[in-house]
Structure formats: structure tokens, C-alpha cells
Amino acid sequence: MIKRILAFSPLLVLAGIIGMTHLNCSSLKRVPKADQHNSRTALDWAGNYQGVLPCADCEGMATILVLQPDNSYRLQQFHIDGKANPEEHKGYFNWKSGGNSIELAGTPGKPRIRVGENQLFWIARKSPPKKQIADNSPYILRKTDLAVIEKYWKLKELNGVPVRTQGDRETHLILKHDGQVKGHGGCNALGGRYLLPEQNGLRFYNLTTTAKACPAIETETGFLEMLHSTNGYRLNGDTLWLYPDRDRLKAIARLEAVYLY
């Protein structure tokens, strides 16, 4: 009897091992896969973002941030009151752990930015982050409408009155990718800065002109006054309407795109 038990003991041991293995495998919990649904993978984040950020020693810091698909960026900032020279920084940004925010390497302070749908939340170091990622946060940069940028906009109507070319040059403006506005009033060349801070919002800052004297300067004077009072726009194909407010109740200018090629 003793010999028979010893002969079958290896089989009993093997059966016990198999049973324990089955028990252990069935009792293990499955490890969930890492969640890959984040800003980096789920959003069309590349683009041109603009807005006015709070500024401790100025009326506001106009900010233009361009994010490229290769993780490069161009950051441009200027005081809307014109008290300081514009600053520009270029480089590559790093995605932070979790894929929902980036850090601008190469820019002083390495600003951190939360990436949302068609908007960016600038995370200031001295302000609670939760307040900065709310929809009403003053630290928002919004994705801009590139359809109005880098086009030659010729003035066709000013305050409801058709405009005719009177000087050596036709009255026009061009909104550049880098936040500069260039153009001509018909007598003098003009330059300055612009911003598209929110949907259908458009503002001009720090406008300057040359000082050439012309016999007929009424159109140019009215054109400059119109730019200073512009706060909104509406785009309809190749026609750009400018308004003194974002409600767009009454247009103060109509411009048409002219293609030079």
C-alpha cells in the first residue's frame, strides 16, 4: 500500500500545480490599457492662436502663438499700449506627461500651456491653474481664422460711401502672419499691429504712418480713424466687412481681396 501511494505521488503533485495555476490566473485582474485620448492625439491643435493676456505693468499683453505639426513654435508678444518693443521667441515645445499640456522650451520662464479644442490656456506661474482653464479665463488664446491673413484687402467703401483711388496708391491693408499690419492710405504708407482675440474680433494697435503731404487726404484720414475704431469683422468670400463692435450691426468699411498672382 505504501509503495502504491509513492508511485502515484508525482501525478498528485502535478495535478495540484495545475489547479493552483488555474486558480491564480482566474483570480488575477486585467490591467486596463493606458488612456490615449488626450489633447495631443485627439485634437487638431496645430494653428495660429491669439489673445490679450493680463499684464502687471501694461494694459494687456497681445500674444500670438503659432504651433506647427513638427512641434516647433513661434511666440510674439507686444504691449497693446505700445510702451515696450515687441518680443519674439522661436523653438520647439515639449508635451508634458498626459499629453494635455505643452511647455515652450527656449522661451524665458518656459511657459506652460494647456491645450484645448480651438483654444489654449496660458498657465501663469502666480495664479491658481484651475481659474486659468475656465471658459471665462483671461488667459485664453483662441485659434484664428487664417482666411483673413496674408491677403491684399482693397478699400471699396468707407462709412457707406464708395471709395475711389485718389492718390498714387490705392488704399489697402494686409494682415501678416506675424501680427503686423501693413498697407497704404492712398497718400502715406501705414504699419502697426493687429489682433484677432476672439471669434469675429479684430483690433488694430500702435498704428503709424509716413508724413507725406497730399492734396486729397480725406480718404486716408477716414481710413485711419476707421481702423482705430474697428472691433469686429465679417468675412463673406472675398469681401471683408469691418465693424466698430462684435455685434456687427452696422459696417464702417467694406474691403475686397485682390489677388496679385
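This is a predicted model: local features need pLDDT of at least 70, side-chain atom pairs count only at pLDDT 80 or more; totals for chains, interfaces and linings use all residues.
Residues are numbered from 1 along each chain as its sequence is written, and side-chain values use heavy atoms, with hydrogens and water left out.

Overview. The protein contains four helices and 17 strands, taken as DSSP runs (H or I over at least four residues for helices, E over at least two for strands) and numbered from the N terminus. Of the 261 residues, 43% are buried, a term that stands for under 20% relative accessible area, with exposed meaning over 50% and partly exposed the range in between (1.4 Å probe, protein chains only). Among contacts (heavy atoms within 4.5 Å) between residues at least 6 apart in sequence, 42% join residues at least 24 apart.

View 1. Four aromatic pairs are found in a search of the whole structure; rings of Phe, Tyr and Trp (its six-membered ring) pair if their centres lie within 6.5 Å, and planes under 30 degrees apart count as stacked, over 60 as edge-to-face and the rest as tilted. One of these pairs, Trp45 with Trp95, is edge-to-face, at 5.4 Å centre to centre and with 70° between the planes. Because Trp45 lies in the loop between α2 (39–42) and β1 (47–53) and Trp95 in strand β4 (residues 87–95), this pair ties together parts that are 50 residues apart in sequence. The rings of Phe93 and Trp95 are also edge-to-face, because their centres are 6.1 Å apart and their planes stand at 75°. Ring pairs thus link Trp45, Phe93 and Trp95 into a cluster, in which Trp45 is buried at a relative accessible area of 11%, Trp95 is buried at 14% and Phe93 is buried at 2%.

View 2. On a 1 Å grid over the protein atoms alone, a pocket is an open set of points where a 1.4 Å probe fits, with protein on both sides within 12 Å along at least five of seven lines, and lining residues have an atom within 4 Å of a point. The lining includes Asn118, Arg142, Asp145, Glu198 and Tyr233, and β8 (140–143) and β15 (232–236) each supply at least two of its residues. By class, the lining divides into four nonpolar, four polar and four charged residues, where Ala, Val, Leu, Ile, Met, Phe, Trp, Tyr, Cys and Pro count as nonpolar, Asp, Glu, Lys and Arg as charged, and the others, Gly among them, as polar.

**View 3. Thr230 in the loop between α4 and β15.** Thr230 lies in the loop that runs between α4 (218–229) and β15, and it is buried, at 2% relative accessibility. A polar atom of the Thr230 side chain lies 2.8 Å from the backbone oxygen of Met226. Leaving aside neighbours within four places in sequence, Thr230 is in contact with residues including Leu202, Phe204, Tyr243 and Ile252.

**View 4. Gly191 in strand β13.** Gly191 is found in strand β13 (residues 189–195) and is buried, with a relative accessible area of 17%. Not counting residues up to four places away in sequence, Gly191 touches Val181, Asn206, Leu207 and Thr208. The C-alpha atoms of Gly191 and Phe204 are separated by 9.9 Å, the two residues being 13 apart along the chain.

Technical notes. A polar contact is a pair of N or O atoms within 3.5 Å; within protein, one must be able to donate a hydrogen and the other to accept it, and residues adjacent in sequence count only if both atoms are side-chain atoms.
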